Structures are given as C-alpha cells and as structure tokens.
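Please examine the sequence and the structure shown below.

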Amino acid sequence: MGLIKDIYSVSFYEKFSQAVAEVHPKFDKQKFIETIYEGDFAQKEWKERMKHTTVVFHEFMPKNFPEAVTLIDKIIENLKRNNFTDSNLAFIFFADYIEMYGLDDFKTSAKAFVSITQFISCEFAVRPFILKYKEQMIDEMTKWSLHENHHVRRLASEGSRPRLPWAMAIPFLKKDPSSILPILENLKNDPSEYVRRSVANNLNDIAKDNPQIVLEIASRWKNQSKETDGIIKHGCRTLLKQGHPEILSHYGLESTNIELSSFEVKTPVVKIGDYLQFHFHLNNKNEDPKTIRLEYAVHYKKAKGHLAKKVFKISEKVYHPNQLTKIERNQSFKLITTRVFHTGIHQLSIIINGTESEVLEFELID
C-alpha cells in the first residue's frame, strides 16, 4: 500500500492536465506540470501537495473567479466523461480552490460547492464561509439539506458539524447549535445511510458541548423510525461512553443485579509492542433478561504522570437470567502514530451499563 501523498503522481498530473486542456485551449499542459514539480515537491506531504496543486492550478486559471468556477465545472464534466474518477481524493483541491479564492464571493462559491461536492466532498472548504457569513451560510446549507442529490444533503450536515475532525471548529455552533438543528430535522429520515451517518456524527459533536439538546432530540425522535433510532444510537455514543444517566435510562441500561466476578489482569507487566490480556465473568442476577452494554476503560499514564481514561466497547446484547459468561480481551500496546505510550503504572476497569467497576493496575515497560 503506497503513501497517500503519492496520489499526486506524474501519471495523475499528466491525465489531469490533458482533461483540462480539452476544455481550456489556453491551458499550457507542459508548463503546468513543470511548475508543479518545481522546488521541493518530493519532500511535501499529502496536504502540502494538495495546497501546492491548488496554488499552481490557480496560476493557469482565469483571474475572474466566476469564470474560473465555470471552467472547473467543465473540467469535472470532462473528467467524468473520460472516467478519470479513480482516487477522487486527489481532486479535493477543487474544493480548496473555492476556499482559498472565493471567500469574498459568497453567491458564486455557494453555487460552486453544490456542484463540486457531487464530485469531491467540500465539508472542509465550507468552514471558513460559515465563520464569515454565519446565518447566511447556515440558511444556504438548510436549503442544501433538501437537495435532490445525496452528496449535497450530506454536505449540509457534515459541513456544519461544530467539531468536524481535522477541520477548524465552529465556536458559535459549539456554544449554540440551534441554527443547524433544522438541517438535522430535514435529514433524520434521509434514504441515504451516508447522509444519516453524518447526522449522527453531527449530533455526537453537539453532545460534547450541549448534551441536553441531544438528549431532548433523542427523546423526541425515539421510535419514529428504524432510521432515527439508528441515528440516535450512533449520535449518543459519546454520552454512552461517559455513562450519562439520562441516555442510559433512555436505553434501559441499568446495572442493578449485574454481577462482575473473577476480574483479573493476566499480564500485570506489559511490554510496549505486546498485548494487555484480561478476563472476567458476568452474570445477570435479575429475574428477567437484561440488555447489557459492556465496555472497558484503559487509564493511560500521560507524560506529566496523570492518568487519562479511554473507553473501548466490548458488546451490547441481551443476557438471560443467571447466564454466566466468561469474557476475555486483549488490548494492543503496539506503537501507532495516533498514540504515544508512557511507561509506568496504568489502570484497567470494566464498565457495565455505564457503571465502572473496581480498578486494577498493570505496568507498561520498554
């Protein structure tokens, strides 16, 4: 598997420049490719290459922004005709182009987003427009939520997320998300799972700052349809991990008479690169079947010596009365780019329907 930055290859630029030249006679293919590879292109990472492509592309486009947008539409249509749609991620510089050069032309840019997002998603590029135009942009996105194309509808939800990962946050939406709730209402029964998952992700973002709003939505949407129930469950995942009492009650997740026993860390000393191994027994001591949401928490030691808890889901299913079940798990401590491990004492606990068990310790070593 190659590096993501390598989607910007000689072959890509040759095929792309040919597609541009077919609809833009003044386009100098050779000069475009030469300019792309000037300087330290080989050392650039993926996002740097994308941004660089945007800037170079702009040099060869009409200086009038509306004319450039019209040309981008023609280029995209030609790419589709030539079936040059593999590795669509490479074309994210189209969205970046609107973000970089269209921020002062709201009308043209809003129209461009509708067109471009049907080819490559624009959820990152719309963020500066929300910050600059606020109500005007939210009104436009509310219209998008009723669009016939599911990519446009999804952009309305995904682009307006208060805390979209790897993108700039929207502080005024983190503080008060009420302006985007009509978007989510419009999309809660969308026929596209792609769109509904975005609605759930938006709700999960909102729950991190405004849990009561999401709890009210969960109560109101409950049992409206299979789709809304699925959105609520995924959209409340952070609240469930936090053991929020109201959402646990919403799903009837009670820990009374659920017995945890034989909880043991089988590897009290774990080497970085190996696995933590543990097991426990679970028994439903109630007279009726109970839905049990099982999770475990690893309390990771951080650089400053404090512990930070991360919750991992095991399962959520119905346990019959006096159903004694042994559960075994391995937790990886292999080195990954998204987490730094620190040696020393860590902790482990089991979480049953939001209630955390006794905490056991284990040591992580080099």
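Lys-5 is buried in this predicted model, because its relative accessible area of 14% falls under the 20% cut-off for burial. Its partner in a salt bridge is Glu-45, and the closest N and O atoms of the two are 3.9 Å apart. The pair links distant parts of the chain, since Lys-5 belongs to the segment before helix H1 (10-23), while Glu-45 belongs to the loop between H2 and helix H3 (46-59), 40 residues apart. Glu-45 counts as partly exposed, at 47% relative accessibility.

**Other salt bridges**

- Side chains of opposite charge can pair when their charged atoms come close.
- The count of salt bridges in the model comes to 22.
- Arg-293 and Glu-295 form one of these salt bridges, with the closest N and O atoms 3.2 Å apart.
- Arg-293 is buried, with a relative accessible area of 4%, and Glu-295 is buried as well, with a value of 0%.
- Glu-356 forms a salt bridge with Lys-309, where the closest N and O atoms are 3.3 Å apart.
- Glu-356 counts as partly exposed at 33% relative accessibility, and Lys-309 counts as partly exposed at 44%.
- A network of salt bridges links five residues, namely Glu-123, Arg-154, Glu-158, Arg-161 and Asp-205.

**Negative surface patch**

- Asp-28, Glu-34, Glu-38 and Glu-59 form a negative surface patch.
- Glu-34, a member of this patch, lies in helix H2, which covers residues 29-36.
- Glu-34 is partly exposed, with a relative accessible area of 42%; this value meets the requirement for a patch residue, because such a residue must have over 30% relative accessible area.

**Cysteines**

- How many disulfides does the model contain? The count comes to zero, where a disulfide would require a pair of cysteine sulfur atoms within 2.5 Å.
- Cys-122 counts as buried, at 0% relative accessibility.
- Cys-236 also counts as buried, at 2% relative accessibility.

- Is Val-359 buried or partly exposed? Val-359 counts as partly exposed, because its relative accessibility is 37%, which lies between the limits of 20% and 50%.
- Val-359 and Gln-347 are 12 residues apart along the chain, and their C-alpha atoms are separated by 6.3 Å.

**The chain as a whole**

- The secondary structure of the protein chain comprises 16 helices and eight strands.
- The C-alpha atoms fill a box of roughly 75 × 50 × 35 Å, taken along the principal axes.
- The protein chain has 366 residues, and buried residues make up 47% of them.
- Among the buried residues are Lys-5, Arg-293 and Cys-122.

Definitions and conventions
Residues numbered from 1 in each chain as written. Predicted model: local features only at pLDDT ≥ 70, side-chain atom pairs only at ≥ 80, totals over all residues. Heavy atoms only, no water. Patch = residues over 30% accessible without salt bridge, like charges linked within 9 Å, V, L, I, M, F, W, Y side chains within 5 Å. Areas by Shrake-Rupley, 256 points an atom, 1.4 Å probe, with all protein chains shown as cover. Salt bridge = Lys/Arg side-chain N within 4 Å of Asp/Glu carboxyl O. Lys, Arg positive; Asp, Glu negative; His and termini not counted. Charge placed at Lys NZ, Arg CZ, Asp CG, Glu CD. Helix = DSSP H or I, 4+ residues; strand = E, 2+ residues; numbered from the N terminus. Buried < 20%, exposed > 50% of the residue type's maximum accessible area, 1.4 Å probe, protein only.
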